[in-house]
Amino acid sequence: MTGKLFDVPRRFLAGLAAMLALAGVIMLTAMADSTMQPLPASAPAGEFSAGRALSHLERFATEPRPIGSAAGDSAVRYLVAQLRAAGLEVEVQRAVGANASTGLATFGRVDNVVATRKGTDSTGTVLVAAHYDSAAMGPGVSDDAAAVASMLETVRALGGAALRNDLVFLMTDGEEDGVLGAQAFVREHPLGRAGGVLLNWEARGVSGPSLMFETSKDNAALVGLYADAVPHPRGDSTMVELYRLLPNNTDFTPLSKAGFAGLNFAYIQDSSRYHTADDSLAHLDRGSLQHHGTNMLALARALGAADLRTLESGHDVTYFRLLGVLVTYPNGLVWPLAALALAAVAGLALLARRRRVASLPRIAVAAVSAVVPLVLAAVLAQGLWELLVSRRPEYDGMGGLLHHPLAFRAAIAVMTGLVLLGWYLGLRRRIGPAALGIGALAWPALLGALCAQAAPGASFVFTLPVLLCAAGGLAALLLRGAAWRVAALTLGAVPAAALLPALAGNTFDGMGLALGGVSALVLALFGLTAMPIAELILPDPARELGRPAVVGVPLVATVLTAALVAGGLAENAFDARDPRRTHLACVMDAGTRTAAWVSADPEPPAWTRRYVSGRDTGTLPPGYARGTLWTGPAPAIEAAGPQVTVLSRTGDTIRLRVSAGRGARSITLRTERPITGATAAVRGMTPVSVPVTGTRRNTWPGEVRFRGLPSGGAEITLRVPGADRFRLTAIAETDGLSAVPGYVERPPGVVAATREDGDLVAITRTYRL
């Protein structure tokens, strides 16, 4: 039993029509996931206007605003003035924020802007949140000034209309250094402990639709309100499940842990500009700004009018867009649908056996063998990335998020298609097309069941395609008439075409080519579901394939892949429009007055090689080096440097007074022994402590950072167990390199890398404690 599911006259034309239909579904899905047309400043007063929001960005988002910077202070003054002019109650919360990660305690003096619009009969607080600070490398127009400007425009569009609930607009500081402002808000501000509904807004690129990518637990009622209120909803519950598994966080993390139920939004395309000088007004997609703000305004109105007490629910929902329609269903249906998908594949196998087009042993062999194209597609995609990095080491510094990745993505798609075709044609005559097509469905069915257990909100992306594909196969076997059979098979594949390529695109956008194997795996799964349709355009399996097909198809695919890779390399060659990144800092030991340039680039570009020429780190201050560095001699700098004074020591606990020196924005303390906790105290603010576990890698094991250190310094208390004597290196950090004699600014085509210790003058002192 090595037959086909069915045969039809003029099968090539039927198969071609079916494949074109699926291609149309893929294109329609991509078009339906676009942004919005931006509205000009002349738009009606009650509507959100990207043009009006842009005018705010031109006033406060033209330069970097890292925590503690003069530009950050200027932004606070502008935001406070705008919010007060709109009639809101405004305060600036000044506090010390704190966070901890492996071997590291991070502190920062934050200035959060908190503006309240009182409701008429409030049932709770609606908290609209975004951060106004930026990474030090760029003006952060998308991340996250666009959301802050959207908040100002939302406040204006709301006008004096009466709303039931209190709206609180929270503009946090210090998000880029570890959600410091949000952490201080929930720890010290009364509104941070009151709970309510949270809407947080972010960005990880400079374009693309505003996606709802994260929710709090038990999201059913909130997702339902989102679906009803927002005119252009985007995102799906696979993102929610993925983000819950990742270590990444935004302000949403501490706010939701403090008791807020909420939704988190971001746009993520063109992420090669993320955290660089190119996150600027010139690169901001106005449609993304419009989409962000339109959704924000719609949700502010809907939540402002709702009874927030009715938005509590005891379960999550699955949600996704299918052909432009947002579909939702309770997660209680996830396991029944996963089981139904498995049953549908089993039923298709049994019916195929009964119709004598496939045997169960052959279907089982097909299912087992289908792991080969899945694994091989992922391996080839990762191999392509390694090849690209070997050719262009600077790609690695971009994390796989290249300026123009389309040609490389297409190359991965071609390689995946070739692997699938090789697997299918290699087994087609021995096992049979029907057995291969049915057996291939086992993998998405199993993945759907696995997700139903581990990540319920992501199960649909596998379960629904395989369920409908199996149903289409069953109908094709049961129906009479060639046209009906082809139509049933094609309609069954529509969910797979709508969901799986879109998932591959999102993983490309979110993870980049460095994890291109994930996207290749998803594309391979889609290919497995489409095999019965591809069978229609292939010659009869009883006939051996001719030499032109056996040799020609792989050759054409190989040549096409090579051409796409060559085109991608040419398109991503770096120029003034699409710059490459480079890391450079100047470090000087204040005690010896020995200075050096340092770069962590794998292969520094010509501009960086003006300053670094070797790998000798022996002249660097103790504890400064982190990872493998290039170095070069630098002129001494006139700077006082950091000062550390021991105030007291009791057992393993050491209390220090630290200051960074004139002009320095931050200080870093590195210890050659691990630390288990740290406390920071600034005059006039509540001290804050954090526990620390683990050790830092590729440098000294303990580290404390204080961003935005006041000119009067701070008290830092360290717990350093079992260390009678140890060294501590203090590093005072000043933004920019222009103070270094002989420094020449970066030419067009080169921007600062995203590594946090770049574009800094670092003055160090080492103490023996």
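Reply: V371 belongs to helix α12, which covers residues 371-391. The model is a predicted one.

Me: Why is V371 called partly exposed?

Reply: The relative accessible area of V371 is 31%. Partly exposed covers values between the buried limit of under 20% and the exposed limit of over 50%, so V371 is partly exposed. V371 also contributes to a nonpolar surface patch of about 440 Å², together with V372, V375, L376, V379 and L380.

Me: What makes α11 oblique to α14?

Reply: Helix α11 (residues 360-369) packs against helix α14 (residues 433-440) at an angle of about 55°, their axes being 7 Å apart. Angles under 35 degrees count as roughly parallel, and 65 to 115 as roughly perpendicular. The angle therefore makes α11 oblique to α14.

Me: Why is the contact between R428 and E535 called a salt bridge?

Reply: The closest N and O atoms of R428 and E535 are 2.9 Å apart. A salt bridge requires such a pair to lie within 4 Å, so R428 and E535 form a salt bridge. This pair joins distant parts of the chain, with R428 in helix α13 (residues 406-431) and E535 in helix α19 (residues 531-535), 107 residues apart.

Me: How do you know whether R428 is buried or exposed?

Reply: Buried means under 20% relative accessible area. R428 has 3% relative accessibility and therefore counts as buried. E535, at 5%, likewise counts as buried.

Me: Why is R309 called exposed?

Reply: Exposed means over 50%. R309 has a relative accessible area of 55%, so R309 is exposed. Its side chain meets that of D307 in a salt bridge (3.0 Å, N to O).

Note on methods:
Residues are numbered from 1 along each chain as its sequence is written. This is a predicted model: local features need pLDDT of at least 70, side-chain atom pairs count only at pLDDT 80 or more; totals for chains, interfaces and linings use all residues. Side-chain values use heavy atoms; hydrogens and water are left out. Patches are made of residues with over 30% relative accessible area and no salt bridge: like charges are joined within 9 Å, nonpolar side chains (Val, Leu, Ile, Met, Phe, Trp, Tyr) within 5 Å. Accessible areas come from the Shrake-Rupley method with a 1.4 Å probe; for residues, only the protein chains shown count as cover. Helices (H or I, at least four residues) and strands (E, at least two) are DSSP runs, numbered from the N terminus. Buried means under 20% relative accessible area, exposed over 50%, partly exposed in between (1.4 Å probe, protein chains only). Axes are lines fitted to C-alpha atoms, for helices over the stretch in contact, and angles run from 0 to 180 degrees between N-to-C directions. Angles under 35 degrees count as roughly parallel, over 145 as roughly antiparallel, 65 to 115 as roughly perpendicular and the rest as oblique.
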